[in-house]
Amino acid sequence: MTELSSSTETAPRSLVWSGWQYAMAMYVLALAVMAFMAVVLGDFIGLPHEWIISNDVWSITHATQYASNGGIGDFYSVSPWYAALPGYVFLYAPVAILGDHLNLVAGYPSQLYHPSMFLLTGPFFALTGASVVLGVDYLADSLDIPRRRRRLALLAVTLFMAGPIPIFMGHPEDMVALGLVGLALGLLFRRRPVGAAVALSMAILFQTWASLLIPAFLIAVPAGTRVRWLARVLALPGLVGAAFLVTDFHDTVTDVLHQPMVNAGQHLPWWSIAGRMNVSDLEGAYHGLVSGSTTRWLAVIIAVVVAWNLRHRPGPYEVLVAAAVAMYARGFFEAEYFAYYFAPATVLIWVLAAYRADSWKRLATAMTAAFLLYASAPLAESGVRFSPWIALANVTASGALALAASTAWRPRRPVLSTPLGLRLQAG
């Protein structure tokens with residue numbers, strides 16, 4: 001095995017993002033898809049002259065309006081349905097303030113066909129949510145994925161993630177977090193650990209599921225720097241979370257840690273054993289909800305175990321495998337099965353398949369299986385529900401097939417050691 005010289009070992013890889021033009025084109029395409037789904041799609045599905053906007057859009061808006069008008073310390077008491085750290089609320093607050101100043105009306109609590117607040121909310125959610133395509137493409141460029149494979153994966157992310165999730169499903173914060181995860185992985189593979197720590201820290205601030213990726217990152221960081229690196233990752237979300245625990249302990253614990261779930265989607269078997277809870281907001285009380293965190297600790301164990309087993313081979317491939325499995329476990333152990341729960345796993349599997357699948361046939365198999373893992377959930381939201389065990393069988397089969405096809409090894413060139421513990425192909 002060829003060894004790097006000491007001067008080369010300490011030199012991080014360039015931050016230059018080659019091929020960014022295609023990513024920007026996909027960013028614009030994602031905006032167009034969102035506009036079509038929100039404004040035009042209703043005419044095609046029997047809802048003429050109605051904007052198709054998820055109620056979750058207004059849950060975020062309602063909480064943000066309350067926070068931006070002085071209720072920042074206890075906005076979790078306003079909307080129990082915003083179950084993440086307030087990264088997106090901070091980002092969205094200036095838009096909510098402007099909308100209130102202009103006396104625009106949100107589609108909550110009364111459902112409106114054309115809520116005027118959407119004239120600000122829609123473009124903002126679109127512009128921020130579509131950023132996922134930029135982070136994913138930066139990751140693909142960092143892995144030197146061949147152009148055709150890279151473009152295929154990014155097109156899939158654009159059409160099936162960046163397009164429907166921010167507005168149609170109402171979760172732009174998930175897309176922002178996933179884009180930051182892509183950026184963090186890309187910086188890690190370019191041997192920029194501090195930048196990777198900052199990006200991952202921001203991702204956790206937007207969505208706490210990103211913290212499941214910490215073990216996958218730690219396997220690539222030298223032992224002597226892990227404590228310092230981990231402190232950088234946890235400092236910002238830890239401080240923000242602690243501040244909200246001090247100001248409104250009960251509601252912060254309820255929303256962020258227990259994460260109440262209504263009977264709205266396809267159940268997985270864990271629903272029957274989930275802890276029952278009641279919550280309330282300004283509109284009234286809700287009874288018979290379940291705690292989404294009941295079985296999520298199992299995903300934490302899976303993430304740690306997978307990362308630990310890969311600790312002796314911490315190359316980009318191994319880190320991606322650990323990250324993809326951790327994100328898959330996150331969705332697997334949810335009480336309910338929503339499409340956006342599996343979006344991070346699906347995207348990472350697509351990138352992994354584009355990077356390492358040893359044939360186009362395996363690439364197509366991995367991408368199709370991962371898509372089925374992601375796309376089966378909307379059936380339940382449209383009223384077609386299956387037995388929880390059938391749903392779990394689908395999650396298991398499609399996930400296993402996607403991971404198996406995406407991790408097929410192709411011939412590898414000699415690898416070179418790097419100070420992060422990552423390995424680069426020689427030549």
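Is the crossing of α7 and α15 left-handed or right-handed? The crossing is right-handed, and the views below, taken from a predicted model, start with this pair of helices.

**View 1. Helices α7 and α15 cross.** Here you can follow helix α7, residues 147-162, alongside helix α15, residues 343-356. Their axes come within 9 Å and cross at roughly 165 degrees. Angles over 145 degrees count as roughly antiparallel, so α7 is roughly antiparallel to α15.

**View 2. Side by side: the residues where α7 meets α15.** On the α7 side, look for R149, A153, A156, V157, F160 and M161. Their partners in α15 are A343, T346, V347, W350, A353 and A354. Of the residues in this contact, 10 are nonpolar, one is polar and one is charged.

**View 3. Helix α18 and its covering.** Helix α18 runs over residues 388-406, 19 residues in total. From its first C-alpha to its last it reaches 27 Å, close to the 27 Å expected at 1.5 Å a residue.

**View 4. Stepping back to the whole chain.** The chain holds 18 helices and seven strands. Of its 427 residues, 55% are buried. Among contacts between residues at least 6 apart in sequence, 76% join residues at least 24 apart.

Notes. Residues numbered from 1 in each chain as written. Predicted model: local features only at pLDDT ≥ 70, side-chain atom pairs only at ≥ 80, totals over all residues. Heavy atoms only, no water. Axes fitted to C-alpha atoms, helices over the stretch in contact; angles between N-to-C directions. Helix = DSSP H or I, 4+ residues; strand = E, 2+ residues; numbered from the N terminus. Parallel < 35°, antiparallel > 145°, perpendicular 65-115°, else oblique. Left-handed = near helix turned anticlockwise from the far one by under 90°. Contact = heavy atoms within 4.5 Å. Nonpolar A, V, L, I, M, F, W, Y, C, P; charged D, E, K, R; others polar. Expected span 1.5 Å × (residues − 1). Buried < 20%, exposed > 50% of the residue type's maximum accessible area, 1.4 Å probe, protein only.
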